[in-house]
Amino acid sequence: VMGALESRGVLRRMSDMLEMLMKRMDILARLENSTEFHRGDEARFPLDRFQPAAGLMERIQAIAQNVSDIAIKVDQILRNSLLNGKVMEGRRDQCEVPRDPKYPDCAGKVEWMRARWTSDPCYAFFGVDGTECSFLIYLSEVEWFCPPLPWRNRTVAVPSPPVPPRAQAAFRRDLARLLELIGTGKESLSFMKKRIRHLAQQWLRAARRLEQKLAGRQRDQKHILIHIGFLTEESGDVFSPRVLKGGPLGEMVQWADILAALFVLGHSLRVTVSLKELQSHLGVPPGRGNCPLTSPLPFDLIYTDYHGLQQMKQHMGLSFKKYRCRVRVIDTFGTEPAYNHEEYATLRGYRTNWGYWNLQPAQFMTMFRTVPHQLLLGFASAPLLRREKVFVRVDFALMWACSHLCLPPQGKEKFLAILNKYMEIHGTVYYETQRPPEVPAFVKNHGLLPQHEFQQLLRKAKLFIGFGFPYEGPAPLEAIANGCVFLQARFNPPHSSLNHEFFRGKPTSREASVVSSQHPYAEDFIGKPHVWTVDYNNSEEFEAAIKTIMRTQVDPYLPYEYTCEGMLERIHAYIQHQDFCTTSSLPPSPKTKSPAMQSPPSLLALSPNATHLVWSPSAGRVPQAWPPVASLQVWVSEPQHTCTETCRRHGLVCEPTFFRFLNKEEVFLQLSIACDSTEYEMNHLYPAVAENVHECYLQKEPLLFSCAGYNTKYPRL
């Protein structure tokens with residue numbers, strides 16, 4: 001596949017390398033015969049390492065002779081090729097760069113190819129050989145920067161055969177095939193498979209209930225690639241060693257449940273945990289990742305994480321931009337629009353190692369409903385069955401800590417001594433035999449337990465207590481589902497990227513959903529009597545909470561959205577309704593709007609009590625949107641409140657996909673907001689209004705529609 005000059009150059013370099021190798025082997029052979037060598041360095045260089053040196057020399061010489069023979073044959077082939085294809089080569093060398101206004105980047109791309117085509121072997125794979133014509137063929141047929149060449153042989157367009165109907169998804173009744181798909185070879189994979197087996201019956205029961213709800217509704221089977229990037233060797237795979245040492249495993253819990261949900265829903269899955277497998281499934285050409293894929297992407301959806309997203313970008317070339325709308329990113333802590341939009345983040349200083357992806361905010365999927373721009377993907381816990389509620393509760397507390405990283409710092413265990421006055425304290429902290437765990441002497445430590453034994457311990461405990469880390473994991477919900485009360489520390493001030501090292505560098509400031517405690521979801525969406533959030537530095541408040549908890553009887557509780565059925569229903573809805581590959585038109589800028597252009601009738605109407613806007617019953621044709629637009633309400637925030645806070649005050653959630661319906665000047669007028677001027681700008685706080693000067697601001701960039709952020713000068717819509 002290489003051109004003549006490059007072929008000869010490669011062979012010449014191979015010969016030089018083999019010659020150098022033979023010289024070095026000759027030196028080693030001489031050293032082998034040296035008595036000084038044997039006497040002085042026996043410990044460092046075992047003698048048997050050099051026994052096959054003579055045989056190796058013979059092999060290298062044979063390879064060198066083969067390379068020489070190949071070089072002669074290549075020269076003969078090239079000469080014959082030049083003679084036989086003289087006419088064609090003449091034509092190929094006489095190509096001129098077309099000047100076509102439809103392809104404005106063509107000339108610049110040809111210039112780049114002249115200078116850099118040897119920088120990646122993938123160009124030679126696609127037939128580039130250094131001639132002008134090969135550049136143009138590549139740029140017009142593999143990439144799309146230049147117009148097609150008229151002299152290229154192209155078959156007459158034949159009408160495409162009708163697309164066969166898609167296979168329909170059918171709920172599965174057996175998870176054995178999924179366990180095979182996940183594979184072996186890593187402790188993290190073993191952990192996920194154990195979890196899937198543990199919840200297997202719950203998944204199958206949930207599938208039957210959802211199937212009844214859907215009542216035979218047709219569902220297309222999707223081809224889905226699941227690439228767990230953080231488990232690849234190239235990303236370091238720091239999680240697999242943690243499985244046996246008590247590290248935070250929330251991400252693996254979530255991935256296990258994602259795999260189970262997608263499989264039970266009946267979709268066709270491919271699972272990868274290595275870069276080599278990813279490249280094979282995507283159709284990545286050999287090289288360094290600068291060229292597009294060799295064939296159209298065979299997957300409707302790709303579920304991955306930030307590590308996998310980075311790997312895809314590095315190896316898919318231009319195809320990444322083409323197909324990124326099919327990606328769903330499992331993002332534990334969320335990505336705010338201001339960090340996601342590359343140009344805006346660069347201009348405004350939203351620096352992070354994980355942002356700049358220019359994805360739709362809803363393509364990021366989180367573990368908890370604390371980040372409003374992203375969709376809740378969540379995980380699943382198993383509620384106690386009736387026959388399992390016979391466990392006798394004992395007044396003991398179980399610590400949320402499986403490693404020393406999750407324990408309170410030295411000197412900060414005063415509250416544990418207070419707790420120990422009222423109940424026995426148990427732990428499941430990992431430790432090595434030669435190193436006892438760093439826990440107070442009064443804590444009964446069981447060591448790291450298998451999942452089913454940990455669940456049994458939760459069913460007996462009265463209290464599950466957290467010490468501030470890890471943040472927002474699945475364990476508290478599993479404890480509450482097993483009948484425990486969850487006690488956690490209140491953070492004052494709340495943690496965010498502005499004041500806490502853990503969140504620094506993550507693509508979220510957490511202004512929209514500040515981390516006021518170790519588990520904000522449990523605090524905000526569950527609350528008392530199941531969840532108590534107190535100041536651990538206030539001994540009186542802490543002790544009063546313990547006394548109240550001792551007197552309180554609670555039943556096991558699990559929010560529906562974290563049941564297997566809730567997760568199945570949610571993922572089914574996302575797959576059925578979401579399509580980020582169809583683009584919606586931008587609203588016209590005031591500079592391009594014609595004075596004669598009349599705005600269409602408003603789709604919104606004032607509510608009966610005149611406090612906010614709702615979807616107009618007379619709007620006529622309802623636009624396709626999900627969630628349905630009938631649920632839309634438009635409110636004006638207080639200047640110091642985010643959209644998230646404003647919606648929550650009215651018993652609502654902020655829905656970013658609805659911003660496009662209220663990003664219009666007439667919406668301000670309907671809310672009796674006077675606009676002396678209206679500007680379109682890129683700002684994650686817009687649409688908003690500067691009331692003191694009657695200036696209204698609309699969003700210029702749809703990717704920046706955001707529920708996060710506030711400015712004391714601007715009430716937001």
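Trainee: So, tyrosine 471 and phenylalanine 491: buried or exposed?

Mentor: Tyrosine 471 is buried, and phenylalanine 491 is too. Buried means under 20% relative accessible area, exposed is over 50%, and partly exposed is in between (1.4 Å probe, protein chains only). Keep in mind this is a predicted model: local features need pLDDT of at least 70, side-chain atom pairs count only at pLDDT 80 or more, while totals for chains, interfaces and linings use all residues. Residues are numbered from 1 along each chain as its sequence is written, and side-chain values use heavy atoms, with hydrogens and water left out.

Trainee: Why does tyrosine 471 count as buried?

Mentor: Because its relative accessible area is 5%.

Trainee: And why is its pair with phenylalanine 491 called edge-to-face?

Mentor: Because the ring centres are 6.1 Å apart and the planes sit at 75°. Rings of Phe, Tyr and Trp (its six-membered ring) pair if their centres lie within 6.5 Å; planes under 30 degrees apart are stacked, over 60 edge-to-face, the rest tilted.

Trainee: Switching topic, what lies over the face of phenylalanine 145?

Mentor: Lysine 109, at 4.5 Å from the ring centre. For that, NZ of Lys or CZ of Arg has to be within 6 Å of the ring centre and within 35 degrees of the ring normal.

Trainee: What about the ring of phenylalanine 171?

Mentor: There it's the charged end of arginine 219, 4.3 Å from the centre.
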